Amino acid sequence: MTKKKVTVLIADDQTLFREGIKDVLSGERWLDVVGEAADGIEAVAKAKKLKPDVVLMDIKLPKLDGINATRQIREACPNVNVLMLSSFEDEAHVLDAIQAGANGYLSKMLPAAELVNSIKTFTNEGLMIPQQLMGKLLHGIRKMGDTGLPTQSTLTKMEIKVMDYLGRGLSNKELAKELGCSVKTIKNHLNSAFHKLGVSSRTEAVVKAIEKGLISSEGNVILEEDEE
């Protein structure tokens, strides 16, 4: 049985950049570029129609910017993942993208091979924020303060540990090895934590865990003594 290809929609207003990315991705047998969009409105429309696995989204798009396009896509098609691909790497843009529902954020300056590897990791794990951008994201989160999310006691010690390692970018297999359990057990912990935090992606889970003080921005677990 042939494994299903990962379908990709490229949204960028620069034709040469879109074509360049398409050429790079077309060389990968596990990927299939199913569409292109030159503005935010077209990106939303094609995402709804094509239901790609991944949308590579530029932030600065005409008619409708990438942030709002991402928000609309995630609301209309929650199973469509958005990977922001932008030349902007400042704290505000990274935070805005994640808050809008983007599952990851990459620089347009990445070499072609690194972009392909990042997309592969992203499609396997649902999370892609490079370490150099994670620091900016965490700094922005710290400034936001409490947003009335579920309290720390809603998660078990193991779920908090999973969140901690998740924030460090570990895959499910790496999490299982680190915590001495099966991948299935890790998935169960993730599903439980996602439900309690009211999120649907690994990125959102890490962000909310940090917002609530479940894990620190330095990656250290913060636990209450009476948690089970």
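**Briefing: salt bridges, helix packing and buried positions**

K22 is partly exposed, its relative accessible area being 32% (buried means under 20%, exposed over 50% and partly exposed in between, computed with a 1.4 Å probe and protein chains only). The structure is a predicted model in which local features need pLDDT of at least 70 and side-chain atom pairs count only at pLDDT 80 or more, whereas totals for chains, interfaces and linings use all residues. Residues are numbered from 1 along each chain as its sequence is written, and side-chain values use heavy atoms, with hydrogens and water left out.

**Overall make-up**

- The protein chain contains 10 helices and five strands; these are DSSP runs numbered from the N terminus, helices being H or I with at least four residues and strands being E with at least two.
- Of the 228 residues in the protein chain, 49% are buried.
- The accessible surface of the chain is about 11300 Å², and carbon and sulfur atoms account for 51% of that surface (Shrake-Rupley method, 1.4 Å probe; for residues, only the protein chains shown count as cover).
- Of the contacts between residues at least 6 apart in sequence, 67% join residues at least 24 apart, where contact means heavy atoms within 4.5 Å.

**Salt bridges**

- Side chains of opposite charge can pair when their charged atoms come close.
- The whole structure holds seven salt bridges, each defined as a side-chain nitrogen of Lys or Arg within 4 Å of a carboxyl oxygen of Asp or Glu.
- R18 is buried, at a relative accessible area of 10%.
- E36 also forms a salt bridge with K22, their closest N and O atoms being 3.4 Å apart.
- K22 belongs to helix α1 and E36 to strand β2, so this bridge ties together parts that are 14 residues apart in sequence.
- K46 and E42 are joined by a salt bridge of 3.3 Å, N to O.
- Both K46 and E42 lie in helix α2 (residues 40-50), four residues apart, which is about one turn of the helix.
- K46 is partly exposed at 28% relative accessible area, and E42 is partly exposed at 26%.

**Packing of helices α8 and α9**

- Helix α8 (residues 172-179) packs on helix α9 (residues 183-197) at an angle of about 105°, with the axes 8 Å apart; axes are lines fitted to C-alpha atoms, for helices over the stretch in contact, and angles run from 0 to 180 degrees between N-to-C directions.
- The angle makes α8 roughly perpendicular to α9 (under 35 degrees is roughly parallel, over 145 roughly antiparallel, 65 to 115 roughly perpendicular and the rest oblique).
- On the α8 side N172, K173, L175, A176 and L179 take part, and they meet V183, I186, K187 and L190 in α9.
- The residues of this contact comprise six nonpolar, one polar and two charged; Ala, Val, Leu, Ile, Met, Phe, Trp, Tyr, Cys and Pro count as nonpolar, Asp, Glu, Lys and Arg as charged, and the others, Gly among them, as polar.

- T7 lies in strand β1 (residues 6-11) and is buried at 15% relative accessibility.
- Apart from neighbours within four places in sequence, T7 contacts D32, V34, K51, P52, D53 and V54.
- P52 sits in the loop between α2 and β3 (54-57) and is buried at 1% relative accessibility.
- Residues up to four places away not counted, P52 touches T7, V8, L9, V34, A47 and V80.
- P52 and L9 are 43 residues apart in sequence, with their C-alpha atoms 6.2 Å apart in space.
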